[in-house]
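Subject: Structure for your review

Dear colleague,

I am handing over the structure we discussed, and my notes on it follow directly below the entry. Please read them with the coordinates open beside you.

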Amino acid sequence: MNGRFICPGLAPRVPFPIRYKSISASSALRQGMTEHNDSGIEQIQLLDGCEDSYGGVRVEIKEDMDADVMKADVFASLLRASISSWKQQGKKGVWIKLPIKCSHLVDVIVKENFRYHHAEADYLMLVRWLPETQDTIPANASHRVGVGAFVLNDKREVLVVQEHSGRFQGTGVWKLPTGVVNEVDTKFVEVLCFRQSHKSFFTKSDLFFLCVLRPESSAINKQNVEIEAAQWMPIEEYAAQHFVINNKQFNFMAKICLAKADHGYPGFSAWETTTGSGKTTYIYCNNPEIVENFASSM
C-alpha cells in the first residue's frame, strides 16, 4: 500500500440512534466503550485509523496504550465496532500494524477474519478485505535483493574477500564482497548487471545486483565477524580461479567484469529525476547522457 495516507475522522454521520466516534483506542478505554452526547445519542468508540489512497483503512496499534486496551476482550469489542463502522462507510482493505509487544492480540484479530500479510523484526501486519467483492489487497513482496561490489582500482586490482561462514567457508575461494561484509571508502558508479533466481529463499525469488564502485582509498577496514581475509587482487587472477571458471554464474559475471575493465562495457547508470509529488528518484539505464542528448535534439 504505497502512497500518502490521509487521516480524516473515520466516523460517518448517520441518521441512526447510535453514532460512531473514531478516537484512539487508549482514549476509548479511558472514557469507556460507549458514551452519550448532549442529545442523549449513544456513541460507540472506535479504533483510530488513517484512510489510504485506495479506499481502505490503516490502523497502527501503539505500544504505549493504556493497560486496559491490551486486554483481549476489550480490544475485541473495539475491533468489532470499528469493522462495523468501516463497512458502513464502504471501506475496502483494512491494515492493522501490530507491534511485537502486543502479539497477544494476534488471536483476537485473526478471529475477526484478518490474515497475516507480512512481518518485520518489530511488528506484524494483518489485513482483511471488507466488501463482498474480489480481494485486491496486494500480496507481500515476492523478492529479496542482494548486492555484490565490483571495486576496481587504478592498478586493475579488484577487492576480494574470503568468508568466515557460509558456502565459501574454508574453501580458499576469493570472491567479490556481497551484502554488508566489508567497509571500503568508495563511490557508486553503476549497476553492472543483475541476476534473478526464482523461488530460492523461502519461496521468494532472489535478485542479485552487481554494482561498480570506485575506491576513494586503498585502505581496507575488514569486518571481522563475517570476513576471514580481504585484499586487492589482479582482476585476471580473480577470474582465473578454478571455482570461478567452473561455476557458470560466477564465470559469466567475471567475464562481465573483465569486459568493463578492458572495454568499458556500459552498465546501468543512475539518472536523477522526480516523481509527480516532487520526490527524488532514480532511473537506471545505459548511457543516460546519450538519451538526454537525443531527446534535446528532437
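How much space lies in the largest pocket? In this model, which is a predicted one, the figure comes to about 680 Å³. The lining of that pocket is made up of 28 residues, and those closest to its centre are K175, T178, R195, F208 and F250. Sorted by class, the lining of the largest pocket holds 13 nonpolar residues, together with eight polar and seven charged ones.

As for where the lining comes from, at least two residues each are supplied by β9 (143-151), β12 (186-201), β13 (204-215) and α6 (248-263). The largest share, five residues, belongs to α6, and I therefore turn to that helix next, given its share of the lining.

Helix α6 has 16 residues, and the distance from its first C-alpha to its last is 22 Å, close to the 22 Å expected at 1.5 Å a residue. Its buried residues are F250, N251, M253, A254, I256 and C257; of these, F250 is also listed among the residues closest to the centre of the largest pocket. At the start of the helix, a side-chain oxygen of N247 comes to within 3.1 Å of the backbone nitrogen of Q249, while just after α6 the residue G264 adopts a positive phi of about 65 degrees.

Is H117 buried or exposed? The relative accessibility of H117 is 15%, and because buried means under 20%, H117 counts as buried. Two polar neighbours of the H117 side chain can be named: a polar contact of 2.8 Å joins it to the side chain of H118, and the backbone oxygen of P138 lies 2.7 Å from one of its polar atoms.

With best regards

How values were computed:
Residues are numbered from 1 along each chain as its sequence is written. This is a predicted model: local features need pLDDT of at least 70, side-chain atom pairs count only at pLDDT 80 or more; totals for chains, interfaces and linings use all residues. Side-chain values use heavy atoms; hydrogens and water are left out. On a 1 Å grid over the protein atoms alone, a cavity is a set of points where a 1.4 Å probe fits but cannot get out, and a pocket is an open set with protein on both sides within 12 Å along at least five of seven lines; lining residues have an atom within 4 Å of a point. Grid points are joined across faces, edges and corners, and a volume is the space filled by probe spheres set on the points. Helices (H or I, at least four residues) and strands (E, at least two) are DSSP runs, numbered from the N terminus. Ala, Val, Leu, Ile, Met, Phe, Trp, Tyr, Cys and Pro count as nonpolar, Asp, Glu, Lys and Arg as charged, and the others, Gly among them, as polar. The expected span of a helix is 1.5 Å times one less than its number of residues. Buried means under 20% relative accessible area, exposed over 50%, partly exposed in between (1.4 Å probe, protein chains only). A polar contact is a pair of N or O atoms within 3.5 Å; within protein, one must be able to donate a hydrogen and the other to accept it, and residues adjacent in sequence count only if both atoms are side-chain atoms.
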